[in-house]
Structure formats: structure tokens, C-alpha cells
Amino acid sequence: MELETAAVGKSFPPFEYEVGREKIREYAIALGFDDPIYLDPGAAREAGFRNVVAPPMFCVVYSAGAMAPAIFDPEVGMDFARMVHGAQSFDWSEPVCSGDLITTTASCASIEERDGKGFYVFESVSVNGEGAETVRGTWTNIVRGE
Amino acid sequence: MSAPAAEGDAIPGLTVTPDRYLPVRYAGASGDFNPIHVDPEFARSVGLPGAILHGLYMMGLVSRAATDFADGDPRRLESLSVQFRGMGFPEEEISITGSVTSADGDRVELDLVATQGDREVIRNSTATVRA
């Protein structure tokens, strides 16, 4: 399969997300995180957080708006009919709490062929209002050959 | 992680049976409304047996097992990496199991897997937990 690799290295516009208490609650409950640090500001402060804290994987919620333009970019040119989300990794730093304003920037890290499949790897970096990194993500989408 | 972790220790893990509407609630919580997750009829029209679970939902469950291992402290989950394998389905028990692959005093590495029946839905998953 011939892969177009012009988008490798391309960076996409930063996306801002304001983290809200009820959004954290909705996410925590869907995943079964029932510790009061995710739900109750008092319990969260007692545990040393500024406000209710987001489960680490909440990063997918605040990163999504940065990832969509990267994944759907015509220059990247993924064929969605044959695409699967193959792998994912996150490295967390500063915790994210209700009230935080998170800015995420996505880029296309690599486009490579292996075993007749296209591997499209994107990276994301998210920082809070103080400029501290909250998470760094590596998103791997795999497109089957025809 | 009340007692020091040692290589080879099994972690407590967890089991969850997502109900039929879980993918709808996860879609609302995450913003991912891909119809293969929320519309069984659409999913069948593209050759799937029915609505399938979001991969990132299953990764979220793996993160919960890793956070539980870290005494429930989300600050101690340093990294998590997964490979998505089979499809996961609602109304079928998901089991997250794992073990300690290394422990050096500062950090504990975990190897985790998510299974549904005899299918591995997430494998080669590694988590790093700060001690």
C-alpha cells in the first residue's frame, strides 16, 4: 500500500477545554470511579486537591477537541472505513481538577507501513493554566490494506 | 499497595458487566458518539454483531484497576499504555487482571489484560505506578 506521508510533523491548532465538576462526575460514574475525591469538593480538598479531581483517563475528554482535526485532516488522509484504534498510551504529570483550563496541542508523529497496514501515530500534549503539563498522549490508528 | 509490591504479585483487578446502555452513557460522558457504539442497528449494518464498547472505556477500566492498586490515588498513576485487540460488548462481564513485573522502590510496573469470556480485548497493557 502506498502511504502519503506529507502530514508527518504537522501540528494542529491548540484546543482549550474548561474542566467542570459535573463533567468529571458524569465521567467518573460511567467508569465506576466512586471515590468522593471525584465527586465531592470537600473530600477532594481534604485529600490535597484544589477541587474535585478528574480520573487520569478523563484526559480523553479534554483532548478530544484537539485530536479530531488531526485525525480527520485530509492531508493525513486516513481511510475510516478500514481504520481501527490500535493502541493508546498516556503519561500523566500534574493532576487535573474542576475549574482548570486545559490546552491541548496535537501533532502527526509518524505514518508508516508495517505488515501491509498503515500505522498513523499522533501525539498530544496538554497543559493547564499555569503552563504545567498534565498529560502527553500517543494515539495509534491502524488502517488495513485493501 | 499497602504492602510493598514484589515482582510476580497478582494485583486485585476488577470485574464489571456493562449494561446495555453503558455505551450510551460513556458516549455522553466522553463525547464520542460514533454510531457503532450507540446504535446496534447501525453497527449490524456495517457487519458488527451489535453495538460495541468504546476502546477508551475499556482502557478506563484498566486505569481503574491500576489506580485501585495505587490505593485509589490518581496522582500515583504515572503512565498507562494499551493495545486494543478484540471487540468488547455490553451485557458481558469484563475482567481486568494483572501482575507486578518490576518494583524498584520508586516505581512499580504492572502488566494488565482485559478479557471478556475467552477473548482478550486489551493486552500488552503496562502501567507505571509511583510508589
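Me: Helices (H or I, at least four residues) and strands (E, at least two) are DSSP runs, numbered from the N terminus. With that settled, in what order do the elements of chain B run from the N terminus on?

Reply: Ground rules: this is a predicted model, where local features need pLDDT of at least 70, side-chain atom pairs count only at pLDDT 80 or more, and totals for chains, interfaces and linings use all residues. Residues are numbered from 1 along each chain as its sequence is written, chains are lettered from A and ligands numbered from 1 in the order in which they are written, and side-chain values use heavy atoms, with hydrogens and water left out. Chain B has four helices and five strands. From the N terminus on, they run β-α-α-α-α-β-β-β-β.

Me: Which residue takes a positive phi in the hairpin of β3(B) and β4(B)?

Reply: Two strands count as paired if DSSP finds at least two bridges between them. β3 (residues 94-103) and β4 (residues 107-116) of chain B pair antiparallel over nine bridges, and S95(B) has T115(B) as its bridge partner in β4(B). Three residues lie between these strands, and the one with a positive phi, near 100°, is G105(B).

Me: And which residue does that in the hairpin of β4(B) and β5(B)?

Reply: Nine bridges join β4(B) to β5 (residues 119-130) of chain B, again antiparallel. Here T115(B) turns up opposite E120(B). This hairpin has two residues between the strands, and the positive phi, near 60°, belongs to G117(B).

Me: By how many degrees are neighbouring strands of the 10-stranded open sheet turned against each other on average?

Reply: The pairing is antiparallel and the order is β1(A)-β3(A)-β4(A)-β5(A)-β2(A)-β2(B)-β5(B)-β4(B)-β3(B)-β1(B). The edges, each pairing on one side only, are β1 (15-18) of chain A and β1 (14-16) of chain B.

Me: How much area is buried between chain A and chain B?

Reply: Taking contact as heavy atoms within 4.5 Å, 28 residues of chain A touch 26 of chain B. Buried area is the accessible area (1.4 Å probe) that two parts lose on being put together, summed over both. Carbon and sulfur atoms give 63% of a total of about 2200 Å².

Me: Which three residues supply more of chain A's buried area than any other three?

Reply: Together they make up 25% of what chain A buries against chain B. The trio is L31(A), M57(A) and W92(A).

Me: How many salt bridges does the rule find across the interface?

Reply: The rule wants a side-chain nitrogen of Lys or Arg within 4 Å of a carboxyl oxygen of Asp or Glu. Between chain A and chain B, the number it finds is zero.

Me: Which element gives the largest share of the side of chain A that touches chain B?

Reply: The elements giving two or more residues to that side are α1 (21-31), α3 (59-71) and β2 (83-92) of chain A. With eight residues, the largest share comes from β2(A).
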